[in-house]
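Open the model in your viewer and switch to a cartoon view.

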Amino acid sequence: MKRRVICIAALMFLLFTPTSAKANSLPPPPTPDFSIQIVNPPQEPFCIWVLTEESSGASDEDFSRLVPSADQNMVLALFSMQEKGWYPVLEAPDGGMIRAASDNKVEWKELSQKTLEYRLILSTKSGIIQTTEPQVRRDYSNSAVYNASTNQVEQKSVLYKYLIRVGVAIVITLAIELAILNPLGFSIRKNWKLVVLTNLVTQIIMHSILFYTHYFEVYRDVFDLVLWMELAIPVVEATVYAIIMKEKTVIRRIFYAFVANPSSFVTGVILYAILGLW
């Protein structure tokens, strides 16, 4: 019994010690809410913006006050589609509203309006104004390639990146939660099928919810949502283990669920940071 307690303590120490090492390190750079790569950008100052069907409540006067009078026409042009139900997003991109000639990348760190369907509008210093056709955002993508000379948009699909993240999360979860079985007194041979099946079901449900809420922009604070689900999953898994597992007491089975899940979550957070999967 004493040996088992030492094993459990050592395992928990190994799992949770790296978090303190990361506490004083710089966090990973934030991922932009939306980014545009511009092909054949204008050879003069210009303004490019995202239009959505959701009004921010801001007016052209509010926008024009943010730029010098010489650039106000470019900003006022952003409201030229307002009568057709398309409104400029409220937030300005990184680097400001007016882009320098030949600038080929624009990023918004945060967008408060939904971009499931959007248009791009470009206005230049010389008075050129062009608006793309409505774009329905593809799968998990928040980025696009815009050709300024043809006024065409090509959306960049990043679904494969999301699937890689899901795969890594599942592998980490299964590896950690199977490894914890034995130190807590459970037989891996007798319980691995139950642990694998239970975790596959909960992981698939969790990532399906995350994908849906991101794609349809139901809930914007994804990390907060992950934390809530990480609190719910141990309860679900503890219930399954308490009923189906045959080894040890019900309390020990529940304890396993509430040790295994936080352990795999913390390990996943650390490895995601190391592998750059955020």
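Which residue in E9 is the bridge partner of Tyr146? Select Val153: that is the partner of Tyr146.

Before going on, note that this is a predicted model, where local features need pLDDT of at least 70, side-chain atom pairs count only at pLDDT 80 or more, and totals for chains, interfaces and linings use all residues. Residues are numbered from 1 along each chain as its sequence is written, and side-chain values use heavy atoms, with hydrogens and water left out.

Now show the whole sheet. It is open, with four strands in the order E4-E1-E8-E9 and mixed pairing. Strands (E, at least two residues) are DSSP runs numbered from the N terminus; two of them pair if DSSP finds at least two bridges between them. E4 (105–108) and E9 (152–155) are the edge strands, each with a single partner, so one side of each has no neighbour in the sheet.

Select E1, residues 34–39. Its pairing with E4 is antiparallel, over four bridges. With E8, E1 pairs in the parallel sense, over five bridges. Click Ser35. Its bridge partner in E4 is Glu107; in E8, the partner of Ser35 is Ser143.

Move to E8, residues 143–147. Five of its five residues are buried (under 20% relative accessible area, 1.4 Å probe, protein chains only). In a regular strand, side chains alternate between the two faces of the sheet. On one side of E8 sit Ser143, Val145 and Asn147; on the other, Ala144 and Tyr146.

Finish at the hairpin of E8 and E9. The two strands run antiparallel, joined by four bridges. Four residues lie between the strands, and Asn151 takes a positive phi near 60°.

Technical notes: Buried < 20%, exposed > 50% of the residue type's maximum accessible area, 1.4 Å probe, protein only.
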